[in-house]
Amino acid sequence: MAIVAAAVASAASTALSSLQLSRPSSLTRTRCHLRTITSSLSSSPSHPSATEFNITFAPTKLKTPKPKPALEPNFSDDLGRQLFIPWIVRDENGNLTLQTTPPARLLHELANAKTQSTKKKKESSSKAAAAASEPKHSKAARRFYNQNFRDPPQRLSKVLASAGVASRRSCEELIFEGQVTVNGAVCNTPQTRVDPARDVIYVNGNRLPKKLPPKVYLALNKPKGYICSSGEKETKPVMSLFEDYLKSWDKRNPGQLKPRLFTVGRLDVATTGLIIVTNDGEFAQKLSHPSSKLSKEYIATIDGVVNKRHLIAISEGTVIDGIHCTPDSVELLPQQPDISRPRLRIVVHEGRNHEVRELVKNAGLEIHSLKRVRIGGFRLPSDLALGKHIEMKQSNLRALGLKS
């Protein structure tokens, strides 16, 4: 057995040394095939049988190409040969055919998909820009604001008076005379509804501004000797007390028209105290109308002595202009050391002309001075000097009956 093993080893070494390797042709080389060498060993005279050896070699190592970026797919094998993707397409006759290029219908769909994506991006960007330009508030909020806070169309005469053209009656005369045009046409009806922000209004050739002056509410401590109307020239009008206020209007409110001010109700020449001055006609009408039933408090200083019978007579009321008027309350105020004359606190709500004076006169008393100190829930500030005024706050307006 040792002799046989030695013979086999010597034969193998002889075969390996005499073996000549030849490089296979590139046409027959493949990635997956292995070269096989078959060697036959001649048997010795003592061993007549032949022995075959199958020797398999690993494939030669090729230089691996550097991987390409993921964005550029590799359509070749390791040997550099081009690979083709088969496309099975149904032709016009309905038969299935094999081709190396994608069908034309697919190419067209891909092209259309790209253009649609760009269009969608443009549309989305335009929608975003439109959304950014839209107002912050919703439609419901804007509708609520327009219905509750925006001024509706108003009468032409009222618009002219609010713009400071003239008084309401003077504006009506201008309209009747044909000196007012609305949107290029002469308007002779003071009740015509107009909107200064949209309608073009001319008065004597001068265009009315689109924006009306802001609403102004002032509380004045009226002094004695001033009247609330401007018809009589021999007396001083109350509006003369607001000359400095109107002169400084442009500095305090640049770019806005000066308001045309008027008093809410009236106080006679000899009566002092609280009176409201505004340019809001609706507010003035609401306060001065008897249906408002706003109570008004007066302090009457009496010449002489006041007895209980005088208080009873005042509380029973009197007839004024055919209507029996009675006060809400009558009270004799305590005596003060610096005031020798007795004082009465009288509260009325009807607001008839000279109502308080007539009540005191009917009781057999004579008024030395009369002062109004309260209207509704708003009381004249104690530190407000005669002839001075203050701007009223929203809380004061609500006390007078204005909602906002």
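This is a predicted model: local features need pLDDT of at least 70, side-chain atom pairs count only at pLDDT 80 or more; totals for chains, interfaces and linings use all residues.
## Accessibility of Arg-379

A residue counts as buried when its relative accessible area is under 20%, as exposed when that area is over 50%, and as partly exposed in between.

## Salt bridges around Glu-297

Arg-379 is joined by a salt bridge to Glu-297, with an N to O distance of 3.1 Å. This pair links distant parts of the chain, since Arg-379 belongs to strand β22 (residues 378–379) and Glu-297 to strand β16, 82 residues apart.

Arg-345 is partly exposed, at a relative accessible area of 22%. Both bridges belong to a network of salt bridges that links Glu-297, Glu-331, Arg-345, Arg-374 and Arg-379.

## A further salt bridge

The whole structure holds eight salt bridges, and one of them joins the side chains of Asp-280 and Lys-215, with 4.0 Å from N to O. Both partners lie in loops: Asp-280 is found between β15 and α8, whereas Lys-215 is found between β10 (206–207) and β11, and the two residues are 65 residues apart. Asp-280 counts as buried, with a relative accessibility of 9%, while Lys-215 is partly exposed, with a relative accessible area of 39%.

## Aromatic pairs

Two aromatic pairs are present in the structure. In the pair formed by Tyr-217 and Phe-283, the ring centres are 5.1 Å apart and the planes stand at 85°, so the arrangement is edge-to-face. This pair, too, links distant parts of the chain, with Tyr-217 in strand β11 (residues 217–222) and Phe-283 in helix α8 (residues 281–288), 66 residues apart. Tyr-217 is buried, at a relative accessible area of 12%, and Phe-283 is likewise buried, at 2%.

The rings of Tyr-245 and Trp-249 have their centres 6.1 Å apart and their planes at 65°, so this pair is edge-to-face as well. Tyr-245 has a relative accessible area of 8% and is buried, and Trp-249 is buried with a relative accessible area of 2%.

In soluble globular proteins, nonpolar side chains tend to be buried together. The largest nonpolar core of this model has 28 residues, and Phe-242 and Ile-302 are those with the most contacts inside the core. Two or more residues of this core come from each of the elements β11, β15 (271–278), β16 (296–303), β20 (343–348), α10 (355–362) and β21 (366–375). When its neighbours within four places in sequence are left aside, Phe-242 is in contact with Leu-218, Leu-220, Leu-261, Val-277 and His-389.

His-389 lies in strand β23 (residues 389–391) and is partly exposed, with a relative accessible area of 25%. Not counting residues up to four places away in sequence, His-389 touches Leu-218, Ala-219, Leu-220, Phe-242, Tyr-245 and Leu-384. Leu-218 and Leu-220 are therefore in contact with both Phe-242 and His-389, while Tyr-245, touched by His-389, is the ring described above as the partner of Trp-249. His-389 and Leu-241 are separated by 148 residues in sequence, although their C-alpha atoms are 9.0 Å apart in space.

## A nonpolar patch on the surface

Some nonpolar side chains lie at the surface: Ile-88, Leu-96 and Leu-98 form a nonpolar patch there, with about 370 Å² of accessible area together. Leu-96 is part of strand β4 (residues 96–99), and because its relative accessible area is 55%, Leu-96 is classed as exposed.

Definitions and conventions
Residues are numbered from 1 along each chain as its sequence is written. Side-chain values use heavy atoms; hydrogens and water are left out. Patches are made of residues with over 30% relative accessible area and no salt bridge: like charges are joined within 9 Å, nonpolar side chains (Val, Leu, Ile, Met, Phe, Trp, Tyr) within 5 Å. Accessible areas come from the Shrake-Rupley method with a 1.4 Å probe; for residues, only the protein chains shown count as cover. Helices (H or I, at least four residues) and strands (E, at least two) are DSSP runs, numbered from the N terminus. Buried means under 20% relative accessible area, exposed over 50%, partly exposed in between (1.4 Å probe, protein chains only). Rings of Phe, Tyr and Trp (its six-membered ring) pair if their centres lie within 6.5 Å; planes under 30 degrees apart count as stacked, over 60 as edge-to-face and the rest as tilted. A nonpolar core is a set of buried Ala, Val, Leu, Ile, Met, Phe, Trp, Tyr and Cys residues joined through side-chain atoms within 4.5 Å. Contact means heavy atoms within 4.5 Å.
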